[in-house]
Amino acid sequence: MDGWQRDERTVPAQSMDWTSLLDKLPELAYRAASAATTPEHRAGLLVLLDTLAEGPLADPAGTVRQVELIEPYGATSGQGRPEAVHRLGQVLRKGARTVVVLAQHGRNSRNDAARWLALDHDPTGAFGPVPGFTLDREHVHRQGIDRTRLTRLTTLVKEQGPAPWRPEAAEAFHTATGIGPLQSVALVSAAVDEPGAEALGLLGAKTRAFEAAQARLNALPQADRQALAQALLPGDPGELWATGPDVQAAAEVWRSRLASLVRVPEELDLDLSGTTPAPSIWSSTRPPRPGWATAFPSRTARGDPSCAG
(Lines give C-alpha, C1' and ligand atoms only; values in the text may rest on other atoms or scores of the structure.)
Protein backbone atom coordinates (compact mmCIF):
# COMPACT_ATOMS: atom_id res chain seq x y z
CA MET A 1 0.00 0.00 0.00
CA ASP A 2 2.73 2.43 -1.07
CA GLY A 3 4.52 2.23 2.26
CA TRP A 4 1.37 2.78 4.32
CA GLN A 5 0.66 0.62 7.36
CA ARG A 6 -2.95 -0.23 8.18
CA ASP A 7 -4.16 -0.82 11.75
CA GLU A 8 -7.56 -2.49 11.57
CA ARG A 9 -10.14 -0.54 13.54
CA THR A 10 -7.98 0.20 16.58
CA VAL A 11 -9.90 3.39 17.39
CA PRO A 12 -13.44 3.18 18.87
CA ALA A 13 -16.02 3.66 16.14
CA GLN A 14 -19.58 5.00 16.24
CA SER A 15 -18.68 7.75 18.71
CA MET A 16 -20.22 11.20 18.48
CA ASP A 17 -18.55 13.66 16.12
CA TRP A 18 -16.26 15.76 18.30
CA THR A 19 -14.04 17.16 15.56
CA SER A 20 -15.74 20.58 15.59
CA LEU A 21 -14.38 21.04 19.12
CA LEU A 22 -10.82 21.29 17.78
CA ASP A 23 -11.47 24.88 16.72
CA LYS A 24 -12.81 25.80 20.17
CA LEU A 25 -10.18 24.52 22.58
CA PRO A 26 -9.17 27.85 24.16
CA GLU A 27 -12.87 28.59 24.71
CA LEU A 28 -13.44 25.14 26.24
CA ALA A 29 -10.36 25.45 28.44
CA TYR A 30 -11.61 28.80 29.73
CA ARG A 31 -15.03 27.27 30.43
CA ALA A 32 -13.47 24.36 32.32
CA ALA A 33 -11.97 26.89 34.76
CA SER A 34 -15.18 28.89 35.14
CA ALA A 35 -17.12 28.86 38.40
CA ALA A 36 -20.34 28.99 36.33
CA THR A 37 -19.65 25.53 34.89
CA THR A 38 -21.33 22.60 36.64
CA PRO A 39 -19.09 19.92 38.21
CA GLU A 40 -20.38 17.32 35.75
CA HIS A 41 -19.70 19.52 32.74
CA ARG A 42 -16.27 20.45 34.10
CA ALA A 43 -15.34 16.80 34.61
CA GLY A 44 -16.18 16.01 31.00
CA LEU A 45 -14.20 18.99 29.73
CA LEU A 46 -11.16 17.98 31.77
CA VAL A 47 -11.22 14.46 30.31
CA LEU A 48 -11.41 15.89 26.78
CA LEU A 49 -8.70 18.50 27.33
CA ASP A 50 -6.30 16.11 29.06
CA THR A 51 -6.75 13.57 26.27
CA LEU A 52 -6.09 16.12 23.53
CA ALA A 53 -3.06 17.50 25.38
CA GLU A 54 -1.32 14.12 25.01
CA GLY A 55 -0.98 14.48 21.25
CA PRO A 56 -0.94 16.99 18.39
CA LEU A 57 -4.64 17.85 18.46
CA ALA A 58 -4.52 20.49 21.20
CA ASP A 59 -2.19 22.77 19.26
CA PRO A 60 -2.40 21.63 15.61
CA ALA A 61 -0.71 24.70 14.07
CA GLY A 62 -1.58 23.57 10.54
CA THR A 63 -0.45 19.95 10.99
CA VAL A 64 -3.93 18.45 11.44
CA ARG A 65 -6.72 18.51 8.90
CA GLN A 66 -10.25 17.14 8.87
CA VAL A 67 -10.95 15.46 5.55
CA GLU A 68 -13.80 13.78 3.73
CA LEU A 69 -12.47 10.87 1.71
CA ILE A 70 -14.26 9.14 -1.18
CA GLU A 71 -13.67 5.42 -1.66
CA PRO A 72 -15.23 3.57 -4.61
CA TYR A 73 -16.92 0.31 -3.68
CA GLY A 74 -15.03 -2.68 -4.99
CA ALA A 75 -11.71 -0.85 -4.86
CA THR A 76 -10.21 -3.80 -2.96
CA SER A 77 -11.07 -7.45 -2.64
CA GLY A 78 -14.31 -8.16 -0.79
CA GLN A 79 -15.68 -4.63 -1.16
CA GLY A 80 -18.00 -5.19 -4.10
CA ARG A 81 -21.09 -4.53 -1.98
CA PRO A 82 -21.65 -1.39 0.14
CA GLU A 83 -22.25 -3.38 3.32
CA ALA A 84 -18.85 -5.06 2.92
CA VAL A 85 -16.93 -1.84 3.53
CA HIS A 86 -15.61 -1.68 7.08
CA ARG A 87 -13.28 1.19 7.86
CA LEU A 88 -14.66 2.90 10.97
CA GLY A 89 -11.88 3.21 13.51
CA GLN A 90 -9.16 2.25 11.04
CA VAL A 91 -5.74 3.92 11.37
CA LEU A 92 -3.42 4.45 8.40
CA ARG A 93 0.23 5.33 8.99
CA LYS A 94 3.18 6.28 6.83
CA GLY A 95 6.28 7.50 8.62
CA ALA A 96 5.20 10.26 11.00
CA ARG A 97 1.87 10.75 9.22
CA THR A 98 -1.35 9.31 10.70
CA VAL A 99 -4.85 9.16 9.20
CA VAL A 100 -7.74 8.04 11.44
CA VAL A 101 -11.15 7.12 9.97
CA LEU A 102 -13.76 8.44 12.41
CA ALA A 103 -17.16 8.15 10.75
CA GLN A 104 -19.02 7.29 7.59
CA HIS A 105 -20.74 10.20 5.90
CA GLY A 106 -23.02 8.17 3.67
CA ARG A 107 -22.56 7.47 -0.04
CA ASN A 108 -22.16 9.54 -3.15
CA SER A 109 -25.05 10.40 -5.46
CA ARG A 110 -24.44 7.36 -7.68
CA ASN A 111 -24.37 5.06 -4.64
CA ASP A 112 -21.10 3.49 -5.81
CA ALA A 113 -18.69 5.07 -3.32
CA ALA A 114 -18.45 5.60 0.42
CA ARG A 115 -17.67 8.92 2.10
CA TRP A 116 -15.47 8.80 5.20
CA LEU A 117 -14.71 11.47 7.78
CA ALA A 118 -11.08 11.28 8.87
CA LEU A 119 -8.41 13.23 10.71
CA ASP A 120 -5.05 13.50 8.99
CA HIS A 121 -1.95 14.45 11.01
CA ASP A 122 1.23 15.32 9.14
CA PRO A 123 3.93 16.99 11.29
CA THR A 124 5.27 18.69 8.15
CA GLY A 125 1.89 20.15 7.20
CA ALA A 126 2.40 18.89 3.63
CA PHE A 127 -0.31 16.18 3.77
CA GLY A 128 -0.83 14.78 0.27
CA PRO A 129 -3.05 11.99 -1.10
CA VAL A 130 -4.22 8.93 0.81
CA PRO A 131 -3.91 5.86 -1.44
CA GLY A 132 -7.24 4.32 -2.37
CA PHE A 133 -9.21 7.47 -1.62
CA THR A 134 -10.12 10.71 -3.37
CA LEU A 135 -10.13 13.87 -1.28
CA ASP A 136 -13.50 15.62 -1.46
CA ARG A 137 -13.01 18.42 1.08
CA GLU A 138 -10.68 19.43 3.87
CA HIS A 139 -10.45 21.79 6.82
CA VAL A 140 -6.99 22.49 8.22
CA HIS A 141 -6.95 23.18 11.96
CA ARG A 142 -4.56 26.03 12.68
CA GLN A 143 -5.68 27.47 16.03
CA GLY A 144 -5.37 25.72 19.35
CA ILE A 145 -3.77 26.12 22.74
CA ASP A 146 -0.18 25.39 23.73
CA ARG A 147 -0.14 21.97 25.36
CA THR A 148 2.01 23.04 28.31
CA ARG A 149 -0.38 25.93 28.96
CA LEU A 150 -3.39 23.63 28.64
CA THR A 151 -1.93 21.07 31.02
CA ARG A 152 -1.20 23.80 33.57
CA LEU A 153 -4.82 24.96 33.42
CA THR A 154 -6.32 21.49 33.83
CA THR A 155 -3.92 20.74 36.69
CA LEU A 156 -4.91 23.95 38.49
CA VAL A 157 -8.61 23.19 38.06
CA LYS A 158 -8.17 19.70 39.51
CA GLU A 159 -6.04 20.94 42.41
CA GLN A 160 -7.80 24.20 43.29
CA GLY A 161 -11.25 23.94 41.79
CA PRO A 162 -12.64 26.56 39.41
CA ALA A 163 -11.31 30.10 39.38
CA PRO A 164 -13.42 32.48 41.49
CA TRP A 165 -16.14 34.47 39.75
CA ARG A 166 -15.16 38.14 39.54
CA PRO A 167 -18.17 40.35 38.72
CA GLU A 168 -15.82 43.34 38.50
CA ALA A 169 -14.22 41.73 35.43
CA ALA A 170 -17.57 41.66 33.62
CA GLU A 171 -18.22 45.27 34.68
CA ALA A 172 -14.81 46.30 33.34
CA PHE A 173 -15.42 44.60 29.99
CA HIS A 174 -18.81 46.28 29.63
CA THR A 175 -17.27 49.65 30.50
CA ALA A 176 -14.52 49.17 27.92
CA THR A 177 -16.77 47.97 25.10
CA GLY A 178 -20.38 48.98 25.75
CA ILE A 179 -21.47 45.43 24.99
CA GLY A 180 -24.15 45.46 27.71
CA PRO A 181 -23.97 44.31 31.34
CA LEU A 182 -25.70 40.94 30.92
CA GLN A 183 -23.89 40.08 27.70
CA SER A 184 -20.63 40.92 29.40
CA VAL A 185 -21.51 38.59 32.28
CA ALA A 186 -22.43 35.84 29.80
CA LEU A 187 -19.15 36.23 27.92
CA VAL A 188 -16.78 36.60 30.87
CA SER A 189 -18.43 33.78 32.85
CA ALA A 190 -18.33 31.38 29.85
CA ALA A 191 -21.74 30.14 30.98
CA VAL A 192 -23.64 27.69 28.81
CA ASP A 193 -26.73 28.87 26.94
CA GLU A 194 -29.11 27.53 29.60
CA PRO A 195 -27.31 27.73 32.94
CA GLY A 196 -28.81 26.16 36.03
CA ALA A 197 -30.13 27.92 39.10
CA GLU A 198 -26.81 27.70 40.94
CA ALA A 199 -24.90 29.38 38.12
CA LEU A 200 -27.56 32.06 37.72
CA GLY A 201 -27.44 32.76 41.44
CA LEU A 202 -23.66 33.10 41.28
CA LEU A 203 -23.94 35.52 38.36
CA GLY A 204 -26.86 37.47 39.84
CA ALA A 205 -28.99 36.95 36.74
CA LYS A 206 -32.58 35.86 35.99
CA THR A 207 -33.15 32.93 33.71
CA ARG A 208 -35.03 34.44 30.78
CA ALA A 209 -33.18 37.74 30.75
CA PHE A 210 -29.86 35.89 30.79
CA GLU A 211 -30.95 33.61 27.95
CA ALA A 212 -31.93 36.69 25.93
CA ALA A 213 -28.46 38.15 26.56
CA GLN A 214 -26.91 34.85 25.47
CA ALA A 215 -28.96 34.99 22.26
CA ARG A 216 -27.57 38.44 21.56
CA LEU A 217 -24.06 37.24 22.23
CA ASN A 218 -24.55 34.21 20.00
CA ALA A 219 -25.61 36.52 17.17
CA LEU A 220 -22.02 37.71 16.90
CA PRO A 221 -19.88 35.99 14.25
CA GLN A 222 -18.57 32.72 15.64
CA ALA A 223 -14.94 33.55 14.87
CA ASP A 224 -15.24 36.80 16.81
CA ARG A 225 -16.82 35.09 19.83
CA GLN A 226 -14.04 32.54 19.85
CA ALA A 227 -11.39 35.27 19.59
CA LEU A 228 -12.91 37.05 22.59
CA ALA A 229 -12.94 33.88 24.69
CA GLN A 230 -9.39 33.10 23.65
CA ALA A 231 -8.26 36.58 24.70
CA LEU A 232 -9.93 36.27 28.12
CA LEU A 233 -7.68 33.29 28.94
CA PRO A 234 -4.40 34.75 30.28
CA GLY A 235 -1.07 33.60 28.90
CA ASP A 236 -0.42 32.09 32.32
CA PRO A 237 -3.67 30.32 33.27
CA GLY A 238 -2.74 30.76 36.94
CA GLU A 239 -3.71 34.41 36.60
CA LEU A 240 -7.37 33.31 36.48
CA TRP A 241 -7.08 32.43 40.17
CA ALA A 242 -4.82 35.36 41.10
CA THR A 243 -6.26 38.35 39.23
CA GLY A 244 -8.99 37.05 36.91
CA PRO A 245 -9.46 36.94 33.14
CA ASP A 246 -7.52 39.18 30.77
CA VAL A 247 -10.22 41.80 30.26
CA GLN A 248 -7.83 44.26 28.63
CA ALA A 249 -6.81 41.77 25.93
CA ALA A 250 -10.45 40.87 25.25
CA ALA A 251 -11.39 44.55 25.01
CA GLU A 252 -8.62 45.02 22.44
CA VAL A 253 -10.07 42.15 20.40
CA TRP A 254 -13.50 43.78 20.59
CA ARG A 255 -12.15 47.13 19.42
CA SER A 256 -10.20 45.58 16.54
CA ARG A 257 -12.94 43.25 15.30
CA LEU A 258 -16.31 44.54 16.50
CA ALA A 259 -16.05 48.27 17.18
CA SER A 260 -17.98 49.11 14.00
CA LEU A 261 -21.04 47.15 15.08
CA VAL A 262 -24.13 49.24 15.80
CA ARG A 263 -25.67 47.83 18.97
CA VAL A 264 -29.22 48.16 20.24
CA PRO A 265 -28.97 49.01 23.98
CA GLU A 266 -29.46 45.89 26.03
CA GLU A 267 -32.36 47.31 28.02
CA LEU A 268 -34.27 48.09 24.80
CA ASP A 269 -33.87 44.54 23.62
CA LEU A 270 -36.12 43.17 26.36
CA ASP A 271 -39.79 43.67 27.05
CA LEU A 272 -41.00 44.74 30.50
CA SER A 273 -40.78 41.18 31.81
CA GLY A 274 -37.23 40.87 30.54
CA THR A 275 -37.94 37.94 28.26
CA THR A 276 -38.13 38.93 24.60
CA PRO A 277 -35.03 39.55 22.48
CA ALA A 278 -35.40 41.79 19.47
CA PRO A 279 -35.38 39.90 16.16
CA SER A 280 -32.36 41.76 14.81
CA ILE A 281 -29.82 43.14 17.22
CA TRP A 282 -26.58 43.67 15.34
CA SER A 283 -25.71 45.56 12.21
CA SER A 284 -22.33 46.37 10.79
CA THR A 285 -20.60 48.68 8.39
CA ARG A 286 -17.96 46.01 7.74
CA PRO A 287 -17.99 43.69 4.72
CA PRO A 288 -18.74 40.07 5.68
CA ARG A 289 -15.80 37.79 6.47
CA PRO A 290 -15.04 35.07 3.93
CA GLY A 291 -16.41 32.41 4.79
CA TRP A 292 -9.52 9.22 17.86
CA ALA A 293 -6.97 11.21 19.71
CA THR A 294 -5.02 8.21 21.04
CA ALA A 295 -4.25 7.10 17.51
CA PHE A 296 -1.83 10.01 17.18
CA PRO A 297 1.68 9.86 18.66
CA SER A 298 1.84 11.24 22.20
CA ARG A 299 4.45 13.74 23.27
CA THR A 300 6.02 11.11 25.53
CA ALA A 301 6.30 8.64 22.67
CA ARG A 302 8.02 11.28 20.54
CA GLY A 303 10.39 12.24 23.32
CA ASP A 304 8.90 15.73 23.62
CA PRO A 305 11.07 17.68 26.07
CA SER A 306 8.01 19.42 27.52
CA CYS A 307 7.02 16.08 29.06
CA ALA A 308 10.27 15.72 30.96
CA GLY A 309 10.18 15.87 34.75
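A residue is called buried when its relative accessible area is under 20%, exposed when over 50%, and partly exposed in between, with a 1.4 Å probe and protein chains only. The model is predicted, so local features need pLDDT of at least 70 and side-chain atom pairs count only at pLDDT 80 or more, while totals for chains, interfaces and linings use all residues. Residues are numbered from 1 along each chain as its sequence is written, and side-chain values use heavy atoms, with hydrogens and water left out.

With that scale, A190 is buried at a relative accessible area of 10%. A190 sits in the loop between α5 (181–189) and α6 (197–203); helices (H or I, at least four residues) and strands (E, at least two) are DSSP runs numbered from the N terminus. The phi of A190 is near 55 degrees, a positive value in a residue other than glycine. Most residues other than glycine have a negative phi. F127 is another residue other than glycine with a positive phi, near 60 degrees. F127 belongs to the loop between β5 and β6 (134–141), and its relative accessibility of 12% counts as buried.

The interior comes next. A nonpolar core is a set of buried Ala, Val, Leu, Ile, Met, Phe, Trp, Tyr and Cys residues joined through side-chain atoms within 4.5 Å. The largest such core has 61 residues, and F173, V188, F210 and L240 touch the most other members. Helix α2 (residues 39–53) supplies the largest share of this core, 6 residues. A second, separate core of 13 residues includes V67, L69, L92 and W116. For contacts, the cut-off is heavy atoms within 4.5 Å. Not counting residues up to four places away in sequence, F173 touches G178, I179, S184, L187, V188, L228, V247, A250, A251 and W254.

The loop between α8 and α9 holds P237, which is buried with a relative accessible area of 2%. Leaving aside neighbours within four places in sequence, P237 is in contact with R149, R152, L153 and L156. P237 and A163 are 74 residues apart in sequence, and their C-alpha atoms are 9.8 Å apart in space.

On a 1 Å grid over the protein atoms alone, a cavity is a set of points where a 1.4 Å probe fits but cannot get out, and lining residues have an atom within 4 Å of a point. The largest cavity holds about 130 Å³ of space, where grid points are joined across faces, edges and corners and the volume is the space filled by probe spheres set on the points. Among its 13 lining residues, Y30, S34, A163, P164 and V188 are the closest to its centre.

The strands give a further part of the picture. Two strands pair if DSSP finds at least two bridges between them. Strand β3 (residues 91–94) and strand β4 (residues 97–107) run antiparallel, joined by 4 bridges, and R93 stands opposite T98 in β4. β3 and β4 form a hairpin with 2 residues between them, and G95 in the turn has a positive phi of about 60 degrees. β4 is also joined by 7 bridges to strand β5 (residues 113–121), again antiparallel, with R107 opposite A114 in β5.

Note on methods: 1 Å grid on protein atoms, 1.4 Å probe; cavity = no way out; pocket = protein on both sides within 12 Å on 5 of 7 lines; lining within 4 Å.
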